[in-house]
Amino acid sequence: MGMGEPLHNMGALMPALDVICHPQGLGLSRAKVIVSTVGLVPELRALRASGKAKLAVSLHATTDEVRSWIVPTNRKYPLDQLIGALRELYPLPRGKGLNPVKSRAGSGSSNSVGEADASLSSSSQDRLQENSSSNSSIEIVSSPSSSGSSGRSAASDDFVVIEYVVLKDVNDADDDAYRLLELLRDVYCMINLIVFNPHEGTSFKRSDEQQVKRFRQILMQGGKVCTLRMSKGDDEMAACGQLGNPDAVTRPAPMIRPPSKLQEILPGAAAAAEQHQQWLQQQKAMRRAAA
């Protein structure tokens, strides 16, 4: 993690996975090794076919407009291609625990959509009802290793992990949670929400704790297993995404101009994108002068 896109280097990745899992190497189980990608679809398919490791996809957005901004690879492999591949490679087994929407009419379960948490508005409860289709209640399974009615054993559970960094006013709205449910409706997956760790020079902000909880609640009540990665070390600027020395940076961060609907919310992002473009123009001019 944090060392670049592993699927850009398949020639080194595949033998490295063999060494990691070989008895004379690290001897790790392939079921315990996860390779994370931003979504290079052809390479993702190749990794899946090899069976050498589990897969995690850094999704981080629910629309092409926003994802193409914060995950530029989306401009080459947009959401329809990426999610389409995941639906094909990780089809949802009906009745499986990771997406445990089961009909239990009359069971009196406290997880019933009709008995959603009081903090949800009536309109939100209506949308939860829509997401649960005709099922009368939702059963939440706390662990992806739980066995279900599909016949798979816990040891052979084979799901994709969806990683989602929650950014204030960018991808943390209720609508994003509902779109995420719809995108992943037929994907056998676990969602890992990641709290953003702010640092010097970023225009992004950490989502409010209550909104993160609400976002997770919507996903869970929609039938998805959803974990929350809590921040550790951010009090000393040693958390994920905070390591590094800003004073050693010799060029502005490569930023793309944010979508128009976010420019007023994140004026710093637009300014940073403009600064980067000016720096690029300066570099081009210097190269032409040197030639």
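**Figure 1. Surroundings of L86 in the predicted model.** Leaving aside neighbours within four places in sequence, L86 is in contact (heavy atoms within 4.5 Å) with L44, L55, V57, P91, V160, I162 and V187. This is a predicted model, in which local features need pLDDT of at least 70 and side-chain atom pairs count only at pLDDT 80 or more, while totals for chains, interfaces and linings use all residues. Residues are numbered from 1 along each chain as its sequence is written, and side-chain values use heavy atoms, with hydrogens and water left out.

**Figure 2. The nonpolar cores.** A nonpolar core is a set of buried Ala, Val, Leu, Ile, Met, Phe, Trp, Tyr and Cys residues joined through side-chain atoms within 4.5 Å. Buried means under 20% relative accessible area, exposed over 50%, and partly exposed in between, with a 1.4 Å probe and protein chains only. The largest nonpolar core has 50 residues, and L86, V160, I162, L184 and L219 have the most contacts inside it. At least two residues of this core come from each of α1 (10-21), α2, β2, α4 (79-89), β3 (160-166), α6 (174-183), β4 (189-195) and α7 (209-221). Helices (H or I, at least four residues) and strands (E, at least two) are DSSP runs, numbered from the N terminus. Helix α4 supplies the largest share of this core, six residues. Another core, of nine residues, lies apart from it, and includes A61, W69, L167 and F196.

**Figure 3. Strand β2 and its partners.** Strand β1 (residues 34-37) pairs with strand β2 (residues 54-58) in the parallel sense over four bridges; two strands pair if DSSP finds at least two bridges between them. The chain passes from β1 through helix α2 (residues 41-50) to β2, a β-α-β crossover that is right-handed. Right-handed here means that, with the strands pointing away from the viewer, the path from the first strand over the helix to the second runs clockwise.

**Figure 4. The buried face of helix α2.** V41, L44 and L47 are the buried residues of α2. Seen down the axis of α2, these residues fall within an arc of 120°, so they line one face of the helix. The arc is that of the directions from the helix axis to the C-beta atoms. The cover over the buried residues of α2 includes α1, β1, β2 and α4. Just after α2, G51 takes a positive phi of about 70°.

**Figure 5. V41 in helix α2.** V41 lies in helix α2 and counts as buried because its relative accessibility is 8%. Not counting residues up to four places away in sequence, V41 touches Y77, Q81, L82 and A85. V41 and L7 are 34 residues apart in sequence, and their C-alpha atoms are 9.5 Å apart in space.

**Figure 6. The aromatic pair of F159 and Y188.** Two aromatic pairs are found in a search of the whole structure. One of them, F159 with Y188, is edge-to-face, at 6.4 Å centre to centre and 80° between the planes. Rings of Phe, Tyr and Trp (its six-membered ring) pair if their centres lie within 6.5 Å; planes under 30 degrees apart count as stacked, over 60 as edge-to-face and the rest as tilted. The pair links distant parts of the chain, with F159 in the loop between α5 (122-131) and β3 and Y188 in the loop between α6 and β4, 29 residues apart. Both F159 and Y188 are buried.

**Figure 7. Helix α6 and the whole chain.** Helix α6 is mostly covered, with seven of its 10 residues buried; these are D174, D176, A177, Y178, L180, L181 and L183. The protein chain has nine helices and five strands, in the pattern α-β-α-β-α-α-α-β-α-β-α-β-α-α along the sequence. Of its 291 residues, 43% are buried. Among contacts in the protein chain with a separation of 6 or more, 71% are between residues 24 or more positions apart.
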